[in-house]
Amino acid sequence: MPVLGLLELRLGAVALVVALVALWRGTAWPAAGKVAASVAALALLGAAVPSAPENAAAHKHTPHATPRLPTAPAPKTSPTHTAAPLADLRGQSLQAASEQALHADFLVRSHDASEKNAFVRDTSRWTVCFQQTGWDGHKPTAEFGVVPTGAPCPATDGDPIPWPGMPDLVWKTWSAARTEALALGVRDDHVQARAAYLNDTLPAEGEYDDWRVCRQDPAAGTAVQPGARVELRLAAQDNGCPEPDRGTGTGARLPDRDGDGDPDYHDPFPSDRNRTRAFPDGFPDTSRSDDSSTSGGHGWNPCHHTRLC
């Protein structure tokens, strides 16, 4: 019976039933013995029956899981774009910087880096002070903050241009004052010397290097921008500057005793109105009393070509 149970559960059960019938009807065992034999037969058959696999039992008693719905695919994210490396183009003209950036496949933009935010035109006349790279969604960008060529860069983008201020040149020598003006970027031919007194004249160039500045234009502290002109009014050191104020006198004249327009300080004939430094032999007579071929057009003048007067 146990062997039949191992081979086939139903055959083992049939054999058990037949054995029990034979036991209870065909033998003269006492009732207690028959009961004991029946229990033993059932136990043998139960031991021979293979146990159900755990996974099968679990599968039998586990309720069906709710079918999972397909999940939507995660949205695709755009890759983070960073600007390609770009050389430091600060200090170059906007035209040269733009050409290099365009050659590197950058989209170029520019703006006035000063507080004026002026419209930028003629890229050859602007200089790059600031640059920033980025991405506009399609290609890398290069933004240039620029100032007019010759202008200093502001401390930060959008600040006023720190133009140099005109120094105080009053009472400095022409040579020293001129050197300071040129150091500000003023062109050599834009620094001009003039006599401070109306009736004075400057000597030949190089002979008034030690003359002093009495008045300056522009005034001290004025912003010096490209193209600026500087005019310095000079006086010989011995004459001092026009009164009442050393730096602001206008329309002043030096002493001229004979009134010939030649200041006494360099008039070789301060008491002779007819003779000056320019005309040591006397003023020419422009009247024509005789033929110009014999008088040279000066007319008769006893002082002409002489020192008798």
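**Exercise 1. Determine whether Asn199 is buried or exposed, and describe its surroundings.**

Step 1. Asn199 has a relative accessible area of 8% and is therefore buried; buried means under 20% relative accessible area, exposed over 50%, and partly exposed in between (1.4 Å probe, protein chains only). The model is predicted: local features need pLDDT of at least 70 and side-chain atom pairs pLDDT 80 or more, while totals for chains, interfaces and linings use all residues. Residues are numbered from 1 along each chain as its sequence is written, and side-chain values use heavy atoms, with hydrogens and water left out.

Step 2. Asn199 belongs to the loop between strand E4 (191-195) and strand E5 (212-217). Helices (H or I, at least four residues) and strands (E, at least two) are DSSP runs, numbered from the N terminus.

Step 3. Leaving aside residues up to four places away in sequence, Asn199 touches Arg253, Leu254, Asp256, Gly261 and Pro263; contact means heavy atoms within 4.5 Å.

Step 4. At 2.8 Å, the Asn199 side chain reaches the backbone nitrogen of Leu254. This is a polar contact, that is, a pair of N or O atoms within 3.5 Å; within protein, one must be able to donate a hydrogen and the other to accept it, and residues adjacent in sequence count only if both atoms are side-chain atoms.

**Exercise 2. Identify the buried residues of helix H5 and say where they lie around its axis.**

Step 1. In H5 (residues 94-103), the buried residues include Leu94, Ala97, Ser98 and Ala101.

Step 2. These residues lie on the same side of H5 because they cover an arc of only 100 degrees around the axis. The arc is that of the directions from the helix axis to the C-beta atoms.

Step 3. Glu99 and His103, on the other side of H5, are exposed.

Step 4. The cover over the buried residues of H5 includes strand E1 (107-112), strand E2 (126-135) and strand E3 (140-148).

**Exercise 3. Describe the backbone at Asp105, Asp122 and Pro218.**

Step 1. Asp105, in the loop between H5 and E1, has a positive phi near 70 degrees although it is a residue other than glycine. Asp105 is partly exposed, at 47% relative accessibility.

Step 2. Asp122, in the loop between E1 and E2, is not a glycine either and has a positive phi of about 55 degrees. Its relative accessible area of 40% makes Asp122 partly exposed.

Step 3. The peptide bond from Asp217 to Pro218 is cis, with omega near 10 degrees. Pro218 is found in the loop between E5 and E6.
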